[in-house]
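Here is a short report on one protein chain. Please keep the sequence and the 3D view open while reading.

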Amino acid sequence: MPKFAQIANPNTEWLVRGSAIDPRLLHADADDEILVYPDDWGYRQTIPLQDGLSLNIIDYTLDRDTIFQRQRGENSLAFEFQLTDTGIAQSCWKHSFDEHVLWLTPGKQRVFELEVVLKPPFVTRHLQPILERLSERARSAFRALLEHACNPHQRLSHLTEIELFERFLYQRSRGIDDRTLAEQFPTSLLGNGIELSNAMKLTLTPTIQHLAAQILDCPYQGATRRRYLTEKALALLSQSIETIHRPLLPSPDLDAIYEAAKILRDNVTKPPSIEQLARRVYANRFKLYQGFHAVYGMTPLDYLRYYRLVMAHQLLYTSELSIGEVVAAVGYSNRSRFAAMFKQLSGMNPKTFQLQLQQLDRAAS
């Protein structure tokens, strides 16, 4: 089995406090929190702007593949921009109940990111514009996940999404039911997780690229710097919310794609052919492919593969099934093929992933 460095909590247990005069920083001030990676690998810089609003600039290159364990109790939404020397490569927004408790960061590859981080009380005041941009389907998925996270046995339909989110944040801040999505949610809600994850993609526009560049190249210091960065962060936040993925298809076509996705999720071990799937939702093959690309950014087959791997992650988290039993449960007949696909998603093969989970269980007990 490959040897990895494993870090339980990358923000506090591994990094050490740095200095605002570190020459690697693009710009800094005495109020910034600078954390430095060991062996001069890089840094994480947090720039406080307002109560509940901050910027993170992250730049590091690890010397070897490293498995990170998710830091719990972080009540936030973050708009993340993965950078290169010439601009933004891709971006998304992230909620605080994601499904990853373990992930692998490859060694010898630069991680260069800008994040706009929203925490209480700022986050709940700015959740409404995000909800308004979500499609009806994604908003329903967000609500279903929140309701289950807050209390799967209680009817919470009288609460708004913002009230639910506030309750969720309160529970996490008190350490109540602080589990990951995969540990917490049943298979029946995995489709909701995919819907929301899909809606979290942001479209890169020239304005977003320009605002990010202005933040990185800030020429000011002191109070002027904070005002400037606050203005640019709020503008970047507003522009990013406007690009939240919302499929533009006629309602009947959207309904057909959602139904087709549900059919695939309900039949992972014996999925219909593309022709059979198209007939079942009263569409032709072309419309099916076109619709899946518009809604999910992938083909129906890729959607099925992705769902199988999400389901496999959940089973490895929550069940005592062997890897062979997981392979069969998610509809793969070729274990090697499954392992290769699983590694593409998580960075680890299933056996390594399972062993790391077992180590975490032993450490927690």
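Predicted model: local features only at pLDDT ≥ 70, side-chain atom pairs only at ≥ 80, totals over all residues.

Residues are numbered from 1 along each chain as its sequence is written, and side-chain values use heavy atoms, with hydrogens and water left out.

**Whole chain**

The protein chain holds 15 helices and 10 strands. Helices (H or I, at least four residues) and strands (E, at least two) are DSSP runs, numbered from the N terminus. Of the 365 residues, 51% are buried. Buried means under 20% relative accessible area, exposed over 50%, and partly exposed in between (1.4 Å probe, protein chains only). The chain exposes about 17,600 Å², and carbon and sulfur atoms supply 49% of that area. Areas come from the Shrake-Rupley method with a 1.4 Å probe; for residues, only the protein chains shown count as cover. Among contacts between residues at least 6 apart in sequence, 66% join residues at least 24 apart. A contact means heavy atoms within 4.5 Å.

**Two hairpins**

Strand 4 takes part in both hairpins below. Two strands pair if DSSP finds at least two bridges between them.

| Strands | Sense and bridges | Residues between | Positive phi in the turn |
|---|---|---|---|
| Strand 3 (33–36) and strand 4 (42–50) | antiparallel, four bridges | five residues | Asp-39, about 60° |
| Strand 4 and strand 5 (53–61) | antiparallel, eight bridges | two residues | Gly-52, about 95° |

Ile-34 has Gln-45 of strand 4 as its bridge partner. Gln-50 stands opposite Leu-53 in strand 5.

Helix 8 covers residues 222–242, which is 21 residues. From first C-alpha to last, helix 8 reaches 31 Å, close to the 30 Å expected at 1.5 Å a residue. The expected span is 1.5 Å times one less than the number of residues. Buried residues of helix 8 include Arg-225, Tyr-228, Leu-229, Lys-232 and Leu-236.

Thr-243 is found in the loop between helix 8 and helix 9 (251–266). Is Thr-243 buried or exposed? Thr-243 is buried, with a relative accessible area of 12%. Not counting residues up to four places away in sequence, Thr-243 touches Lys-201, Leu-202, Thr-203, Thr-205 and Ile-208. Its side chain reaches the backbone nitrogen of Thr-203 at 3.1 Å. A polar contact is a pair of N or O atoms within 3.5 Å; within protein, one must be able to donate a hydrogen and the other to accept it, and residues adjacent in sequence count only if both atoms are side-chain atoms.

**Helix 3**

His-148 is found in helix 3 (residues 136–150). His-148 is buried, at 18% relative accessible area. Its C-alpha lies 9.1 Å from that of Leu-189, 41 residues apart along the chain.

**Aromatic rings**

The structure holds 12 aromatic pairs. One of them is the tilted pair of Phe-165 and Phe-168, at 6.2 Å centre to centre and 35° between the planes. Rings of Phe, Tyr and Trp (its six-membered ring) pair if their centres lie within 6.5 Å; planes under 30 degrees apart count as stacked, over 60 as edge-to-face and the rest as tilted. Why are Phe-165 and Phe-168 separated by about one helical turn? Because they are three residues apart in helix 4 (residues 161–173). Phe-165 is buried at 0%, and Phe-168 is buried at 4%.

Tyr-296 and Tyr-303 form a tilted pair, at 4.6 Å centre to centre and 45° between the planes. Both tyrosines, Tyr-296 and Tyr-303, are buried. Ring pairs also link Tyr-317, Tyr-332, Phe-338, Phe-342 and Phe-353 into a cluster.
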